[in-house]
Amino acid sequence: MEMFSFHSHSGQFCMHAKGTLEQVVESAIQRHFTIYGLSEHMPRYKTEQLYPEESHLTTQDLENMYDQFLQEAFRVQQKYNDKICLLIGLETEYFGPESIQYVRRLRQPDRQITAPSSPSPSTVSAKEPATLITLPQVQYIVGSLHHVKGVPLDFSQELYLKALEDVGKGSWETLFREYFDAQLDMLQGLEPEVVGHLDLVRIFFGAIKGHHHSHGHGHGQEKEHKQEEGGAEMNQNELTGELWALVKRNVDFIIAYGGLFELNSRAWKKGLADAYPQRDILEYILSKGGRVTLSDDSHGPDDVGMFYNPELKRYLEQMKVEHVYYLAPNGSNDQDRPYTTRASEETGSFQHVHVRSIPVASLKFYEKK
């Protein structure tokens with residue numbers, strides 16, 4: 001029996017998560033995951049892109065934090081390699097074309113940084129060259145959008161409504177259009193191995209119609225809750241014909257290069273009717289032969305395997321999902337690679353992992369999690 005996830009965070013490297021990276025890995029081992037992706041957020045490079053919870057940090061701090069994550073991820077990858085297959089990745093941010101170049105730079109092989117300064121600078125010659133550290137390889141990326149024109153969507157309901165006013169000019173259709181257009185730019189520039197929460201823009205849609213949620217994204221305020229009456233239906237809002245054309249365009253592009261669509265179970269904690277993407281989009285993905293994978297989007301050790309229970313199994317069966325797909329590292333024991341991908345070398349996608357599949361019947365679900 002197998003189980004996997006390709007989207008996770010830890011409090012060690014993410015301000016709105018909990019626990020250390022090693023605690024997250026130990027939890028995945030205890031819960032019998034066979035493959036687990038470590039995908040902390042990429043740095044953001046402008047001060048205005050920092051969240052309120054990061055007010056004490058600088059953009060350089062975020063860069064240093066991600067580099068430290070890579071080193072710690074490699075350490076635990078090696079430490080636990082006889083217990084679990086860990087993949088080292090990142091989750092993208094997208095603020096415009098410059099974000100594409102940042103991610104491509106982070107994916108470069110043998111990326112180097114300068115080692116921290118010596119604790120005793122007086123003993124080091126001024127002419128001594130700086131020591132360089134070669135960072136571990138980013139093996140895959142989760143392609144996600146959390147902002148539209150710089151305004152966060154999922155940090156809080158208040159900021160979502162700000163995006164509605166500032167970006168959408170009061171029109172949810174306009175906000176959604178901007179989201180799916182920006183998503184296509186990200187997809188074309190990066191061709192991510194895993195596409196994260198494809199319809200995240202629906203997260204607080206209920207708030208537009210007065211169905212308020214009772215959690216905040218950060219500061220430990222998030223909590224599981226029951227959807228208000230009618231709220232789940234509102235969150236799974238019916239897309240207009242124009243928006244459906246954009247969704248289909250993006251889905252078709254992902255299928256063309258061979259990316260995986262994550263079924264992100266964290267959407268249930270957010271109060272949505274289904275895992276991301278909502279079932280209307282999932283139905284289209286499946287009808288076109290899209291490859292679906294599983295992600296818990298954990299934000300700490302207690303979140304590992306969240307909602308990987310019989311309800312998820314029933315949902316997969318209801319949606320007639322017979323096989324799910326996963327990433328395996330190149331050079332692993334699996335010599336054959338049954339699924340082709342058509343990503344360009346320029347994006348760096350699928351250079352370190354390949355795609356495999358498993359029947360849903362072979363997955364290990366939990367009684368309650």
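Strand β13 (residues 353-359) is largely enclosed by the rest of the structure, because five of its seven residues are buried, where buried means under 20% relative accessible area with a 1.4 Å probe and protein chains only. Strands, like helices, are DSSP runs numbered from the N terminus, with at least two residues (E) for a strand and at least four (H or I) for a helix. Over seven bridges, β13 pairs in the antiparallel sense with strand β12 (residues 323-329), pairing being assigned if DSSP finds at least two bridges between two strands. In this arrangement His354 of β13 stands opposite Ala328.

| Helix | Buried residues | Covering elements include |
|---|---|---|
| α1 (residues 21-30) | Leu21, Glu22, Val24, Val25, Ser27, Ala28, Ile29 | β2 (35-38), α2, β3 |
| α3 (residues 97-107) | Ser99, Ile100, Val103, Arg104, Leu106, Arg107 | α2 (59-79), β3 (85-91), β6 (140-143), α5 (172-190) |

Helix α1 is mostly covered, with seven of its 10 residues buried, and just after α1 His32 takes a positive phi of about 65°.

The model is predicted, so local features need pLDDT of at least 70 and side-chain atom pairs count only at pLDDT 80 or more, whereas totals for chains, interfaces and linings use all residues. Residues are numbered from 1 along each chain as its sequence is written, and side-chain values use heavy atoms, leaving out hydrogens and water. The protein chain has a mean pLDDT (the predictor's confidence in each residue, from 0 to 100) of 89, and 88% of its residues reach 70 or more. Over residues 211-235, however, pLDDT stays under 50. Where pLDDT is low, the predicted coordinates should not be read in detail.

Technical notes. Buried < 20%, exposed > 50% of the residue type's maximum accessible area, 1.4 Å probe, protein only. Contact = heavy atoms within 4.5 Å.
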